Each structure stands twice: as structure tokens, then as C-alpha cells.
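Here's a quick tour for anyone meeting this structure for the first time. Have a look, then read on.

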Amino acid sequence: MNEAPKPALEPQAVMDAAAKLRTLLLEVKKVIVGQDLMLERMLVALLARGHILIEGVPGLAKTLAIKTMAEAIGASFKRIQFTPDLVPADLVGTRIYNPKEASFEVELGPIFANLILADEINRAPAKIQSALLEAMQERQVTIGHQTFKLPDPFLVLATQNPIESEGTYFLPEAQVDRFMFKVWIDYPAFYEEMTVVDRVSTRFEPVQEVLTGDELRHLQAMADRVHVHQAVTEYAVRLARATRDPGEVGLSNLKKYISFGASPRASVNLILGAKALAIVRGREYALPEDVRDLAPEVLRHRIILSYEALADEVKLEEVVQKIIAATPLPKVHIGDPYRDTRPPAEHPSA
């Protein structure tokens with residue numbers, strides 16, 4: 001049987017949800033200075049049930065940001081420092097023999113928390129990456145012959161240090177693809193750094209819990225019901241396809257620089273992220289601009305440049321920006337019937 005269509009979201013309910021999320025951001029920003037993009041992407045990932053990979057030099061408050069977010073939503077938080085000698089049991093848990101009962105008992109690992117900070121994720125070997133991959137994708141872990149569900153909500157925020165490669169491992173492409181976003185963060189501006197110094201030299205204002213786990217799950221359900229016009233979905237698919245064949249958007253000269261483009265998971269994450277961003281921005285419908293704004297974070301870790309790109313010193317970010325700029329943004333009027341926005345030459349009947 002077909003499921004009954006979900007009722008449309010009430011505009012006032014969405015505006016109330018957006019106000020609640022703004023309150024959450026303000027609470028987090030009592031501690032975190034700047035890093036607005038990272039904080040917004042964390043919110044979007046929470047609503048869309050995604051995971052984030054953050055790359056930046058040490059000391060940019062990556063750990064503090066997710067810890068503060070966890071405190072503000074009353075969620076459990078665990079930090080796992082990844083090292084080359086880590087084993088899967090250190091992450092997911094293990095079976096321990098109880099001599100009194102003459103049986104094995106399961107001791108659950110630190111992965112069983114709502115928010116997980118996987119610090120320097122590229123320092124862990126393949127077995128750890130495999131265990132983390134199951135947790136991220138299936139939201140469960142397997143210990144022995146038993147499978148355990150992870151808490152809901154569940155978000156992995158992983159960090160990488162871009163300035164040090166000694167003792168690190170390349171992340172498997174299958175795992176990188178599971179991250180909804182890859183966010184690059186840079187040093188703060190002058191006055192932001194002044195504020196950081198002032199705050200650290202005194203005492204942080206205590207962070208209050210402004211969102212409960214039940215409220216977060218309700219917001220996630222609202223994000224699921226956000227209306228997405230067919231033209232918005234088409235735009236997301238065109239962006240992802242353009243990374244595989246830039247010639248589709250008139251950038252044939254880039255084709256030699258791309259070995260592999262984004263998978264269909266990129267198209268899916270563009271839409272899921274756009275629906276969550278619409279809630280953050282107080283709308284019950286997604287716009288093409290939502291997809292465009294999220295595109296750099298969704299696409300950059302799903303494109304693999306060729307050796308020719310390295311030889312010509314072509315930067316990944318330049319390729320991503322050119323593809324986004326060349327992909328036409330459709331004009332969507334909410335309430336209008338779907339109209340094919342492609343040029344006449346691209347219509348099937350042409």
C-alpha cells in the first residue's frame with residue numbers, strides 16, 4: 001500500500017523552529033567566536049542526520065564547538081583521539097569474560113553517544129575506519145554476534161590536520177563519501193581573535209540547555225517534510241553530474257583535471273541538506289539557493305583530481321567554484337507547476 005502524503009508544514013511552526021535554532025546558535029556563540037559557517041553546517045547536519053568532516057589547523061575551536069553544541073542540546077558527547085595503535089574495541093566496545101557467571105558480557109565503547117568528535121581521524125588504521133564506517137552508515141555496531149543500535153540523534157564530527165602527514169592514513173573513499181559535509185575553517189579575523197583572547201583570559205559564560213533530544217527529533221521530522229520543487233531536485237542532480245562530466249555545463253576544459261566526480265550520494269545530500277537549511281532559514285520549502293550555498297561542502301570531498309591537475313597546479317576549490325558558477329540556477333516560484341528549466345536543445349523532444 002502507498003503511504004498517505006505527509007501534511008504540509010505550517011509556516012508559523014517553521015518560523016518558531018527557526019527561532020529555536022537561532023537561540024541555540026546564540027547560546028553556542030557565548031563560547032565560540034566566529035566560525036559561523038561551521039556552526040550552521042553543524043545545525044544542518046543535525047537536522048539532516050548527517051556527519052561532518054572538518055579540516056583546519058590546530059587551535060581553531062573544532063573540539064570546543066561540538067562540545068558546546070552538545071551541552072546546549074542536552075546531548076551526550078564523547079571525544080575519541082584517533083591514533084595508529086587504536087583497535088576497534090577501543091571505539092565500539094568488546095566482550096569481557098565474567099568468571100563468576102562463566103559468561104561473556106559486553107562493554108560498550110565511547111561511540112555510544114549522541115555527538116562524537118573523531119579527532120584526527122586520519123591517524124587511525126583500516127580496522128578502525130571500518131568499524132567507524134558501520135557506525136556512520138548503519139547507525140549500529142556489531143560486537144561478536146550481537147548488534148547494538150546507536151543513540152538517536154547521532155552525529156560524527158571528524159577532524160583532520162592539513163599541515164602534518166607523518167603517521168597518518170588516507171581515508172577510504174567509501175568512508176569520505178559518508179560525510180555529508182567537508183568544512184574548511186581558517187584563522188579568525190583580527191577582532192574575532194581579540195574576542196577569543198578576552199574570553200579565554202576571563203571565564204566562559206555557562207552554556208544553558210536550550211534544546212532537548214525530543215525537540216531535536218521533532219525538528220528532524222519537520223526537515224523531512226520540507227517541500228522540494230522538482231526544479232530544485234533537478235538543479236542538485238545537475239551539480240553532481242557536472243563534477244563527472246563538466247562538459248554538461250560548458251566546462252569541457254575541466255574534464256582532463258577530474259579523475260572521478262561526485263557519486264549520487266552527493267545529489268541526495270544536497271537535497272537533504274537544503275531541506276534542513278530551509279528550516280534553519282525559517283521556510284517550509286527549499287530553494288535552489290539553499291542547494292547552491294551547501295554545494296561546496298557537499299562536493300569538495302567527493303571529487304578526485306587527476307595527475308594532470310596536480311601538474312598544472314589546479315586547485316580543487318577552483319574546480320568546485322567553476323562548476324557551481326557554470327550550472328544555471330533555476331527560477332522557482334512556489335506553487336507553480338513544474339516546468340522543465342533546461343534549454344530547448346536539451347529537451348528529450350528536441
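## How the chain holds together

Start with who touches whom: among contacts (heavy atoms within 4.5 Å) with a separation of 6 or more, 79% link residues 24 or more positions apart.

This is a predicted model, where local features need pLDDT of at least 70, side-chain atom pairs count only at pLDDT 80 or more, and totals for chains, interfaces and linings use all residues. Residues are numbered from 1 along each chain as its sequence is written, and side-chain values use heavy atoms, with hydrogens and water left out.

The chain has 350 residues, and 46% of them count as buried (under 20% relative accessible area, with a 1.4 Å probe and protein chains only).

## Helices, strands and a sheet

You'll find 13 helices and 11 strands here (DSSP runs: H or I of at least four residues for helices, E of at least two for strands).

Five of the strands line up in an open sheet, in the order β2-β5-β8-β1-β9, with parallel pairing (pairing takes at least two DSSP bridges between two strands). At the edges sit β2 (77–81) and β9 (181–184), each pairing on one side only. From one strand to the next, the twist averages 20°.

Strand β1 (residues 52–55) runs parallel to β9, and 4 bridges join the pair. Glu55 has Trp184 in β9 as its bridge partner.

Helix α2 (residues 36–48) packs on this sheet and touches β1, β5 (115–119), β8 (155–160) and β9. The direction of α2 makes about 170° with that of β9 (axes are lines fitted to C-alpha atoms, for helices over the stretch in contact, and angles run from 0 to 180 degrees between N-to-C directions).

Terms used:
Buried < 20%, exposed > 50% of the residue type's maximum accessible area, 1.4 Å probe, protein only.
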